[in-house]
Amino acid sequence: MATVDDDLDAALTALGSRLRRLPRRRGLTLADLPTETGISESTLSRLESGGRRPNLELLLPLAGAHGMPLEELIGAPQTGDPASTCGRSSATV
């Protein structure tokens, strides 16, 4: 049975691969991204290789630079709109 740590490791590995592919799709190199993100080339390289764990301070500028929502950048599963379900019960009033 997979543990939370196993799932996290798999997600981070997939994120690193995704971070390597995205700039290439736009014709960019790793050296181009610091200007767009404010993140050093060294940090970007470590994110891609799994040598550094991402946090929101790193992921948000990366998502913005690639023109995609954070959920898409990290490969999060699709969910319903929380505003449409938050705080509502299934009971009829």
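## Helices, core and charged groups in a predicted model

Asp 5 is exposed, at a relative accessible area of 54%. Its value is above the 50% cut-off, so Asp 5 falls in the exposed class. The residue belongs to helix 1, which spans residues 4-25. On the surface, Asp 5 forms part of a patch of negative charge together with Asp 6, Asp 7 and Asp 9. The model described here is predicted.

The protein contains 6 helices and 0 strands. Along the sequence the pattern reads α-α-α-α-α-α. Of the 93 residues in the protein, 24% are buried.

Nonpolar side chains in soluble globular proteins tend to be buried together. The largest nonpolar core in this model consists of 14 residues. Within this core, the residues with the most contacts are Leu 15, Leu 19, Ile 39, Leu 44, Leu 47, Leu 62 and Leu 73. At least two core residues come from each of helix 1, helix 3 (41-49) and helix 4 (56-65). Helix 4 gives the largest share, 4 residues.

Leu 15, one of the core residues with the most contacts, is located in helix 1. Its relative accessible area is 5%, and Leu 15 is therefore buried, the limit for that class being under 20%. Leu 47 is another residue listed among those with the most contacts in the core. Leu 15 and Leu 47 are 32 residues apart along the chain, and 8.4 Å separates their C-alpha atoms.

The structure has 1 salt bridge. It joins the side chains of Glu 36 and Arg 26, with an N to O distance of 3.1 Å. Glu 36 is in helix 2 (residues 33-37), whereas Arg 26 is in the loop between helix 1 and helix 2, so the pair ties together parts 10 residues apart in sequence. Glu 36 is partly exposed, with a relative accessible area of 37%. Arg 26 is also partly exposed, at 38%.

| Residue | Relative accessible area | Class |
|---|---|---|
| Asp 5 | 54% | exposed |
| Arg 26 | 38% | partly exposed |
| Glu 36 | 37% | partly exposed |
| Leu 15 | 5% | buried |

Definitions and conventions
Residues are numbered from 1 along each chain as its sequence is written. This is a predicted model: local features need pLDDT of at least 70, side-chain atom pairs count only at pLDDT 80 or more; totals for chains, interfaces and linings use all residues. Side-chain values use heavy atoms; hydrogens and water are left out. Patches are made of residues with over 30% relative accessible area and no salt bridge: like charges are joined within 9 Å, nonpolar side chains (Val, Leu, Ile, Met, Phe, Trp, Tyr) within 5 Å. Accessible areas come from the Shrake-Rupley method with a 1.4 Å probe; for residues, only the protein chains shown count as cover. A salt bridge is a side-chain nitrogen of Lys or Arg within 4 Å of a carboxyl oxygen of Asp or Glu. Lys and Arg count as positive and Asp and Glu as negative; His and the chain ends are not counted. The place of a charge is taken as NZ of Lys, CZ of Arg, CG of Asp or CD of Glu. Buried means under 20% relative accessible area, exposed over 50%, partly exposed in between (1.4 Å probe, protein chains only). A nonpolar core is a set of buried Ala, Val, Leu, Ile, Met, Phe, Trp, Tyr and Cys residues joined through side-chain atoms within 4.5 Å.
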